[in-house]
Amino acid sequence: MSIRWWRLILVELRKMLDTRAGAWLLGAIGLSTAAIVAVLVLFADPAEQTFGTFFVLASLPVAFLLPVLGVMLVTTEWSQRTALTTFALEPVRRRVLAAKLVAALVAAIASVPASLAAAAAGTAVAAATGGTGGWRIEAALIGYAALFQVINVVMGLAFGMLLLNTPVAIVLLLLLPTAWTVLGGVVERLRPVAQWLDLSLTTEPLLSPDVTAGQWARLATSVAVWVLLPLVAGMLRIERRDIA
């Protein structure tokens with residue numbers, strides 16, 4: 001008898017939180033977000049101390065570190081040898097992988113209210129200390145920020161599924177997109193291609209409230225290459241891999 005779908009998702013969410021590495025990573029995300037907000041309050045121009053600015057900057061450390069949690073959600077099953085138990089309890093591997101994907105999506109979307117809360121705290125402090133303290137924010141920016149976090153977290157999950165090794169997956173997750181960004185900026189012939197395949201460039205418009213049709217097309221192309229392709233390949237690898 002298969003485990004209920006909602007219970008699988010709850011188990012995967014718990015796996016993200018109940019390990020020491022996961023707890024430290026979430027703590028690092030919180031501390032780095034608080035540090036960025038504090039720096040903005042202390043040193044930014046008063047005109048820049050608005051809710052929208054705080055929100056965008058508070059989203060950046062989440063986008064950088066949360067994908068690592070996506071990696072570990074998959075790779076720790078193999079490094080800690082819990083995959084045997086997991087797939088013995090739920091033999092249909094696609095259900096487990098789908099539950100991991102949903103858990104990653106929940107974590108990404110939940111990070112948005114946390115960023116909003118950090119931004120609200122920064123805006124309130126800025127308003128009390130002489131900053132602009134403007135509270136206006138475009139609703140589209142919040143939705144785009146959620147999509148931004150989803151892309152990054154699912155990319156981490158995809159690299160974890162494809163490589164099944166925590167250090168290798170984390171290093172390549174951080175190194176390959178950065179290397180491509182550097183090459184696209186240095187090698188002139190690669191610049192037109194980088195406009196479509198450099199994820200750092202194609203996701204940048206999501207940090208503003210206005211995204212054009214061309215920017216959506218470039219974003220979809222880069223997501224297909226960096227997120228969907230390794231995700232599908234990783235799922236196929238896990239479904240076919242023997243568990244010892």
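1. Which backbone oxygen does the side chain of R93 reach? In this predicted model, the side chain of R93 comes to 2.5 Å from the backbone oxygen of I238. R93 belongs to helix α5, which covers residues 93–128.

2. The charge of R93 deserves a separate remark. R93 is buried but forms no salt bridge. D242 is the nearest side chain of opposite charge, and it lies 5.8 Å away.

3. With neighbours up to four places away in sequence left aside, R93 is in contact with F87, I238, E239, R240, R241 and I243.

4. Next, helix α7, which spans residues 166–186 and includes T166. Is T166 buried or exposed? T166 has a relative accessibility of 17% and therefore counts as buried, the cut-off for buried being under 20%. Apart from residues up to four places away in sequence, T166 touches V71, M72, T75, T76 and S79.

5. V186 is also a residue of helix α7. V186 has a relative accessible area of 61%, so V186 is exposed; the cut-off for exposed is over 50%.

Methods: Residues numbered from 1 in each chain as written. Predicted model: local features only at pLDDT ≥ 70, side-chain atom pairs only at ≥ 80, totals over all residues. Heavy atoms only, no water. Helix = DSSP H or I, 4+ residues; strand = E, 2+ residues; numbered from the N terminus. Buried < 20%, exposed > 50% of the residue type's maximum accessible area, 1.4 Å probe, protein only. Contact = heavy atoms within 4.5 Å. Lys, Arg positive; Asp, Glu negative; His and termini not counted. Salt bridge = Lys/Arg side-chain N within 4 Å of Asp/Glu carboxyl O. Polar contact = N/O pair within 3.5 Å; in protein donor to acceptor, adjacent residues only side chain to side chain.
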